[in-house]
Amino acid sequence: MRVMMKATWLFLICAIAVTVASAQDMCPARPLPGSLVVNPLDLFSQNGSLTVNMTLENQEGTDHFMHYCYSYIYQGQQIEAPTLRLNPGDQLNLNLTNSIQAPYDKYPKKMQMSMHVPQPATKQPDADCNGGMILPSTTNMHFHGMNIAPICHQDDVIYTLIQSGDPPFQYNFQIPPNDNPGMYWYHPHPHGEATTQIDGGASGALFIEGTINGTQGLPERVLVIRQQFNNPNSWIPGPNQLTVNYQPALFPDAPSPYINMQYGQQEFWRVLNATSQSFLSLQVVYGTTPQQVQVVALDGIPLSPPLAENQIVIPPAGRAEFIVPGLPSNQEGIFLTNGYATGAVGNANPPQDLLKMFGTDSARVEPPPARPASKPTADRPRFSGLLTAQPTTTRSLYFSEQTVGSNGPTQYFITVAGEKPHVFHMDDPPSITTTIGAIEDWTIENHAGEAHDFHIHQVHFLLMAINGVPVQNPELYDSYPIPAWSGTGPYPSITVRMDFSDPNIAGTFVYHCHIIDHEDGGMMAKIQVNPSNKH
Amino acid sequence: MKQLLIALMVVSALIAPAVLCSANKSKPSTSPIYVFTNDDALRHTYSSVYLAGGSQGSPTLTFQQSINTTGLGIGGGFFGTPRLAMLPSSSAQCLFVSDAGSSDIAAINIQTQTVLGTFQGSTNDNGTSNGIGMVMNQNYLYAGYTLSNTIATFSIGAGCQLSFLGDIAVTPLNGGWIAGMALNGNVLVVAYIDGSIQSFNTASGIPTSNNDEQNATGFASAYFPDSVDITQDGHFAIFGDAAVPTTVEVSDLSSGKLAPTVLYILGAATNAIGPGINSATARLSPDESLIYISNSQNGYVTAAFFNRNTGKVTGGCNSPQLANFYNPWAYVGSLQTRDTTGTGNVLYVAEFGSSIGIVNVTSTGTACTLTESAASPVTDDLSPGLLSIQVFPPRPF
């Protein structure tokens, strides 16, 4: 009887604990419309390494959106999606705990897909590295734009599947010493489930520290543009909002997010498009005059010389780093997106004010973060000399779609020319096989009536031509938009040069459209890069 | 004398309709031909009415009026879902228009072009995701609701009044939803847009499965039947596939059940260049010599020759890309023939975005042409996403 009483008490205590735990907020509160926009919390590497413990959690917020948050405890407070800052050559140790719980989403899924990932050829000691089932509660992490190894515990998104309740999973890799200083980012990449998690806000910035010419001493803004959806009655994503550092940008329906700038003070802005499907045409406007900004880096790659632009188009996953001119006295500014023509059957991509800029004479602006001295990048930055390199292979690929109705569900394809279009499944063999040392020119066409956004893991590519016309000053990107086909005439295309010379990237990884919904819907394929006999 | 007068009156009463009918037969062009739309607008959806006209080789459509169904639409959905239903007879009196947003069905008197009422199935029946498809015979109307995956049965009474009898749930094999529907005699054939198809027996009113649910042959290639048509004799079911090449599938229905489909790939099979991106809607010509196919995603119409005795499909012809594709309209929806005999001579094509395309048909039996009329397209201003149209008088099966 006494034992039974004990058991009953234990059960009650457990039940109360579970009830209290479930009543707690899993994700930090997000800022209300009309609030001051502040930079995400910076976490700097110390003595050559950065160790971070993060938990991916989900919860429907008071705003009725489903939040997916990378939660980090800082001085006893729960912080969302900190910015990771490391020098070239530094070690990142990121321990990710998956605490995703049902309910996972606010709208039903579109189509059943093959969600089983076969075991890799060589079984890994860690169970989370051996494929298995991708469930709505499964996650993993992609270090977007990083030129690191496609292997478990580094940047593998094929076989690495972290299940809810698993012990913390350790990502552990070195920032390549010859990587460029610039903006990168981290986000989930479980095939078929990435849209829900990224739309929920699971993303954060990562910087490889270093000097970018012209930015020394400038106040730095880190702006992460995300997108959240709330359409509980339909499987169509439907109405959505852009957010700036988690604050909804709803003007004129609600006050804009805002920042305070010191009059006349240039600022260094580092903007990440972490939306799942929004192409941003960014512009800084003072009064009614669009401003010319100095773009100093794109997709984490410094530009030399900088580009003077009064509008910067960045596709989903793109980054732009630029110097904003000082706000003239007694003026206000607006940072906005002008919208983007996604094509006859593309998602609506309307103009939207993102934040307001108010001036001040006092020093109320946030000071630049106190950054430890960064290590210099190795002598020969990655991808140097690619422009004059002789390609060893050329390939043709194309994006296309097949839908059963105007609302979908749509099958999304990325296909090597001559092959049969098909929806990507995780157990597919590689569509492309190449070898370390290969330099390849890929022409990617868009046969669809909506824009797509080409992205490849592990490497940046050099944009050589658009619609067959050589680009005058080719730059490196890891994501690039291809406009919609107009319905007649040649298909829009880009030609890019791939550098597979780094032996560290040997393995199998993916390329896909970075409209996450399309990626989840099958617009993805594998590339296998075999080690070279020469190494 | 009185008896003679009565006899004359009886004879006159018997002869008059025949005389009128023969007059109609000799002058078919005098009978007005109407095209009805399901405008499927998010607010206050309408059925717009157009009068067919023009001359040989230069057909036209002239807007008549828009009839407020009093319901709500959703502005799009599955290509193969038939959102208008009419008895396949020149004596049809009722036109039914589905309101997917409000999950009801509006009944319209074809002659007076007035709404006679709106009708709902059970509270479970919901078509708000991708529309409500309908087929009917003299006695029953069957409505397929895309979100609830249910088929509701209504009996059709006087004055086009519907009475809900009950509904059944359908279970597509691969997680899809009901889209295409066709009815011939007591056989109802449906397509689930996930590659699976099924037929039902409607002899007792509410459908019962024929236990023939199966994946179509195209499923292995990710070609998904979206629309359905059935030959007049009920021998073959024809499916238009959502597929990268222009693809139709034919199933032998002569046993009363769907036989495994035979796949016919008509368009570019790999690179999807040129005609042949998505053949989601397919419809037989009145003489069953041609299958008309909407290439929904690249703005073309294809005609393929069909042998109604063997069920075999062979290559035919493609239209040019229809005018204004992607600017402003985006998808080719359902198509209907103007005439009730022969090839139908003229095709009316629902253009999502929104307009009606007009295409001339010629056929020698072994070769054909599809050319767009100079008067095409005709705008359908009240529709944000036109996918379904219906012609009166309709094809007679």
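## Contact between the chains

The contact between the two chains takes 31 residues from chain B and 25 residues from chain A. This is a predicted model. On the side of chain B that touches chain A, the residues divide by class into 17 nonpolar, 13 polar and 1 charged.

## An open sheet in chain B

In chain B, 4 strands form an open sheet, and their order is β8-β9-β10-β11. The pairing is antiparallel. Strands β8 (132-136) and β11 (162-169) of chain B stand at the edges; each has a single partner strand, so one side of each is left without a neighbour in the sheet. From one strand to the next, the twist averages 20°.

The pairing of β8(B) can be followed in more detail. β8(B) is joined by 5 bridges to strand β9 (residues 140-145) of chain B, and the two run antiparallel. Within this pair, B:Met134 has B:Ala143 in β9(B) as its bridge partner.

## Strand β5 of chain A

Strand β5 of chain A covers residues 83-86. Are its two faces covered or open? Both are covered. A:Thr83 and A:Arg85 are buried on one side, and A:Leu84 and A:Leu86 are buried on the other. In a regular strand, side chains alternate between the two faces of the sheet.

β5(A) pairs with strand β1 (residues 42-44) of chain A through 3 bridges, and these two strands run parallel. Here A:Arg85 in β5(A) has A:Phe44 opposite. β5(A) also pairs in the parallel sense with strand β12 (residues 204-208) of chain A, over 3 bridges. In that pairing, the bridge partner of A:Leu86 is A:Ile208 in β12(A).

## Two domains in chain A

The domain assignment of chain A gives domain 1, residues 25-377, and domain 2, residues 393-530. Their C-alpha centres lie 23 Å apart. The contact between them takes 37 residues from domain 1 of chain A and 38 residues from domain 2 of chain A.

Which elements give two or more residues to the side of domain 1 of chain A that touches domain 2 of chain A? They are β7 (116-117), α2 (194-199) and β21 (301-309) of chain A. α2(A) gives the most, with 3 residues. By class, this side of domain 1 of chain A has 21 nonpolar, 13 polar and 3 charged residues.

Definitions and conventions. Residues numbered from 1 in each chain as written. Chains lettered and ligands numbered in written order. Predicted model: local features only at pLDDT ≥ 70, side-chain atom pairs only at ≥ 80, totals over all residues. Pairing = 2+ DSSP bridges. Axes fitted to C-alpha atoms, helices over the stretch in contact; angles between N-to-C directions. Contact = placed C-beta atoms within 7 Å. Nonpolar A, V, L, I, M, F, W, Y, C, P; charged D, E, K, R; others polar. Buried ≥ 20, exposed ≤ 12 C-beta atoms within 10 Å, placed from the backbone. Domains from an automatic or database assignment.
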